[in-house]
Each structure stands twice: as structure tokens, then as C-alpha cells.
Amino acid sequence: MKYDFDLEDHRKKHKRIIFNILITVVEAAIAVFAAYAITHYGLEKMQVSGDYMNPTLKDGDKILINKMSYMVLSVKRNDVVVIQQNGSEHNYYTIARVLGLPGETIQIKDGYLYINGDKLEEKYNFPVMENGGLALEDVILDTDEYFVLCDNRNESEDSRNANTGNILKKDIIGKAWLRTNSLALISNINEFKEKPDNP
């Protein structure tokens with residue numbers, strides 16, 4: 001003969017098992033959704049084509065783009081960013097280094113970059129620019145515009161060129177984050193020799 005408390009205990013165990021199964025299913029669904037969101041909206045793979053960012057990034061390097069970084073953080077000077085460019089046939093991605101920020105006045109004089117009339121003291125020994133392009137005259141950046149240069153400055157097209165020009169915030173896909181073939185953060189793999197500190 002079964003007592004009521006035995007049936008009650010059996011029902012509780014049965015409910016607990018069902019509850020645990022439901023929790024497991026919900027956790028699995030959340031994990032799948034998070035993985036999908038990260039891979040489709042947070043991170044994206046890209047292969048570098050060309051030497052325009054050499055030596056920071058080389059032809060054939062595979063990188064991860066962090067597409068979430070600028071949803072919460074602002075674009076900073078010296079960030080290496082991935083930009084969506086509009087070509088004659090289709091859209092394509094390119095990579096450049098942000099140097100001019102919204103509201104600033106940019107000019108290139110004697111091969112060096114000036115911001116608001118002051119020569120930019122760059123962290124790395126980038127090549128002296130042989131051609132200032134559009135920036136030979138003052139370039140005034142609007143509230144959502146950025147001025148970008150590639151690291152291989154004499155063998156690249158960037159904001160100095162009319163077909164690229166100033167970059168709009170909406171065209172910045174994300175931050176070039178990780179070089180997957182060496183598992184190194186791109187902010188840590190600048191291969192230019194740093195300038196010695198002034199005595």
C-alpha cells in the first residue's frame with residue numbers, strides 16, 4: 001500500500017527532473033544564440049590582401065575583426081580599423097590606422113602629419129610621406145569623419161586620395177583585433193621600431 005507522502009515525494013522528484021531538463025535546454029539555447037551572435041555580429045574573419053599595412057600586417061595575414069568594440073567604445077587615434085569601401089562593382093574591406101579625429105584639421109607638410117597646426121609626434125618611425133595628396137591643404141573633419149593612413153605610407157591609398165577620402169563612422173566595420181596566424185593582438189604587433197625617448 002502506497003502512502004500519500006510516498007506519492008508526494010515521487011511527484012516532487014518527477015517535477016525536479018523535468019525542471020532540470022528545461023534548465024539544460026534553455027542554457028543550451030542561450031549558448032547557441034550567444035555563439036551565433038558573436039560569430040555573425042561580434043567577430044568576423046578577414047584575410048589581408050596586399051602590403052599597404054606592412055609591416056604591421058602583411059599580405060596573407062588572417063585577422064579577426066572585433067565588430068563590437070565601437071558599439072561601446074569610441075574610435076581612438078592610432079587604432080587599426082577595418083573600413084567598408086564602395087568600389088565600382090561591389091563593397092570591399094580595407095584596413096588603415098586612424099590618425100585624425102572628428103572636428104580636427106589635418107595637413108601634411110614636408111612628409112609629416114599636422115593636427116590643428118601641431119606636428120603629430122607618432123609612436124613609431126613611419127616612413128616620411130612622399131605625397132600629401134588631398135592633405136597638402138587643410139582637411140577639416142566633420143563630426144563623424146576620420147582621417148586614416150596606411151602604415152606603408154608610400155605604397156598605399158588612404159584618406160590622402162580622392163577615391164578614399166575621409167572615412168565616415170558608419171563605414172568603420174570594427175577594430176582589427178587579432179592576427180590569427182600568430183595569435184597576437186594587432187595593437188601589440190606593430191613592427192616599427194619605437195622612437196627613442198627624448199633625453
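This briefing covers the fold, the confidence, the surface and selected side-chain pairs of one chain.

The structure is a predicted model, in which local features need pLDDT of at least 70 and side-chain atom pairs count only at pLDDT 80 or more, while totals for chains, interfaces and linings use all residues. Residues are numbered from 1 along each chain as its sequence is written, and side-chain values use heavy atoms, with hydrogens and water left out. The chain has two helices and 12 strands; helices (H or I, at least four residues) and strands (E, at least two) are DSSP runs numbered from the N terminus.

**Fold and confidence**

- Along the sequence the elements follow the pattern α-β-β-α-β-β-β-β-β-β-β-β-β-β.
- Of the contacts between residues at least 6 apart in sequence, 61% join residues at least 24 apart; a contact means heavy atoms within 4.5 Å.
- The average pLDDT (the predictor's confidence in each residue, from 0 to 100) is 83, and 80% of the residues score at least 70.
- Confidence is lowest in helix α1 (residues 4-42), with a mean of 69, and highest in β9, at 97.
- Where pLDDT is low, the predicted coordinates should not be read in detail.

**Burial and surface**

- Buried residues account for 37% of the 199 residues; buried means under 20% relative accessible area, exposed over 50%, and partly exposed in between (1.4 Å probe, protein chains only).
- The accessible surface is about 12,700 Å², and 54% of it belongs to carbon and sulfur atoms; areas come from the Shrake-Rupley method with a 1.4 Å probe, and for residues only the protein chains shown count as cover.
- M68, M71, V72 and L73 make a nonpolar surface patch of about 440 Å².
- Patches are made of residues with over 30% relative accessible area and no salt bridge, with like charges joined within 9 Å and nonpolar side chains (Val, Leu, Ile, Met, Phe, Trp, Tyr) within 5 Å.

- D158 lies in the loop between β9 (145-149) and β10 (167-168) and is buried because its relative accessibility is 1%.
- Leaving out residues up to four places away in sequence, D158 touches V148, L149, C150, T164 and G165.
- The side chains of D158 and R160 form a polar contact of 2.8 Å; such a contact is a pair of N or O atoms within 3.5 Å where, within protein, one must be able to donate a hydrogen and the other to accept it, and residues adjacent in sequence count only if both atoms are side-chain atoms.
- R97, in strand β4 (residues 91-100), also has 1% relative accessibility and therefore counts as buried.
- The side chain of R97 makes polar contacts with the side chains of T56 (3.5 Å) and D151 (2.8 Å).

**Salt bridges**

- There are eight salt bridges, each a side-chain nitrogen of Lys or Arg within 4 Å of a carboxyl oxygen of Asp or Glu.
- E44 and K67 form one at 2.9 Å, N to O; E44 is in strand β1 (residues 43-47) and K67 in the loop between β2 (62-66) and α2, 23 residues apart.
- R77 and E104 form another at 2.8 Å, N to O; R77 is in the loop between α2 and β3 and E104 in the loop between β4 and β5 (105-109), so the pair ties together parts 27 residues apart in sequence.
- R77 is partly exposed at 31% relative accessibility, whereas E104 is buried at 12%.
- D79 and K175 pair at 3.8 Å, N to O; D79 is in the loop between α2 and β3 and K175 in strand β11 (residues 172-179), so this bridge ties together parts 96 residues apart in sequence.
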